[in-house]
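Work through the exercises below with the sequence and the model open. Each task is followed by a solution in steps.

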Amino acid sequence: MTSPLLALRDMARAACHHIVLPEGTDPRVVEAAGRAVADGLARVTLLAPADTDTPDGVTLRDPATADTDAMIAAYMEARAKRHPTPEDAAQAVTDPLIHAALMVRTGLADGTVGGAVAITSDTVRAALQMIGTAPGAPLVSSFFLMVLPDTHATRPGTGLIFSDCGLVIDPDAIQLAAIAHQAAASARALLGTEPKVAMLSFSTKGSAHHMAVNKVTEALEIARKTATFPIDGELQFDAAFDVGVAASKAPGSPVAGQANVLIFPNLDAGNIGYKIAQRIGGATAIGPVLQGLAKPANDLSRGCTADDIIDMIAVTSAQIDQGKST
C-alpha cells in the first residue's frame, strides 16, 4: 500500500500549485522551499527582505515593497467592516502572514503555509481575516492527518483524519456536525478513500448517560440528515477503531471497527488524543490543517522540520484541488 504522504506528494507534483511561505528567513522554510521546487511539488514564493538568499527556482518577494497599492486595496476590502485607514492598511500588509494571505485572496498564490515561527493564533487570524470562510461554511475548524507506522499491528501505514484537534475549543452539537462533514470532505481529498466517520465519546451506544454524551448523539442526528458517507456514534475510540471491540460493543454499526475519520467531542479530547497517538503510538501527525476557509491556508508547529513543511505543502495542494472540484 502506498503511504498517504507519498501519494499526496505525487498529487502535488501533478498539480504543481503556487504556494507562498511567509517565513522566508527561517532556515527550515528556506530548505523546504528549495526541495519542494527541485522535486516539482510546487511553485514556491518566499516572503523575506529583498537581500535574502533563496534556492534556485524559488521566487523571492519582499512584503515591505511588493505590489503595495494592490495589497492595500485588498486589505481595505477584506477588513471593510472595521473601517481601516489607508495608513493602517499600509502597515498591515508588510506583515508576512497578512501579505501571504492577501496573495491567496487575490489569486497571486494558490495557498499559503505558515507557523514555523509564528504562533498558531497569529497564523489562523491572518487566514480568517484576509481569506475568510468558504461560502456556506458555518465555521472554520481543523484536523490532523495521522499516518500510522508501518509496524502497526492491524492498520500499517494507514492514514486517518482526527478532528477537531487544534481550533474549536468546545463545539456545540451543530458545530460538531459541521466538523464531521468538513473532516469527511478532507478525508476524500487527502486519503482518496470513502470516509467512515465515528463520533467519539466516553460512551458507546448508550453505555453511559451524561450531557456530554447527549451532545454527541445530537450532533450525529444532525450530521446524518445530509451525510453522503457512513457515520455512526456515539462510539468509544476502541469501538470505532478495533474490529474485535466493535463486534462486542457496536454490532451492526456501518462504521465501528473501521472508522478512518474520528471526530472528538471537544478540543481537550482531540488535542490530547492526537498527541498520544503521535508520541506513544508512533503516528506521524501533519497539522493542524484548516478546513472551511475560502482558499487554503495552513499552520505548522514551531517545532516542525523541513520534511514537515514539505508534507504540509502537499496537503495544501490537495485542498486546492478539493476546492476546485466542489
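This is a predicted model: local features need pLDDT of at least 70, side-chain atom pairs count only at pLDDT 80 or more; totals for chains, interfaces and linings use all residues.

Residues are numbered from 1 along each chain as its sequence is written, and side-chain values use heavy atoms, with hydrogens and water left out.

**Exercise 1.** Describe the chain over residues 10-316.

Step 1: The unreviewed UniProt entry annotates residues 10-316 as "domain: Phosphate acetyl/butaryl transferase"; such annotations may be inferred rather than shown by experiment.
Step 2: This stretch is 41% helix and 17% strand (DSSP runs, helices H or I of at least four residues, strands E of at least two, numbered from the N terminus).
Step 3: The end C-alpha atoms of the stretch are 13 Å apart.

**Exercise 2.** Give the strand order of the five-stranded open sheet.

Step 1: The order is β3-β2-β1-β4-β11, with parallel pairing; two strands pair if DSSP finds at least two bridges between them.
Step 2: β3 (59-61) and β11 (297-299) are the edge strands, each pairing on one side only.
Step 3: Within the sheet, β1 (residues 18-21) and β2 (residues 43-47) are joined by four bridges, and Leu21 faces Leu46 of β2.

**Exercise 3.** Is Asp311 buried or exposed?

Step 1: Asp311 belongs to helix α12 (residues 306-325).
Step 2: Its relative accessibility is 8%, so Asp311 counts as buried (under 20% relative accessible area, 1.4 Å probe, protein chains only; exposed is over 50%, partly exposed in between).
Step 3: Leaving aside residues up to four places away in sequence, Asp311 touches Leu5, Arg9 and Ile286 (heavy atoms within 4.5 Å).
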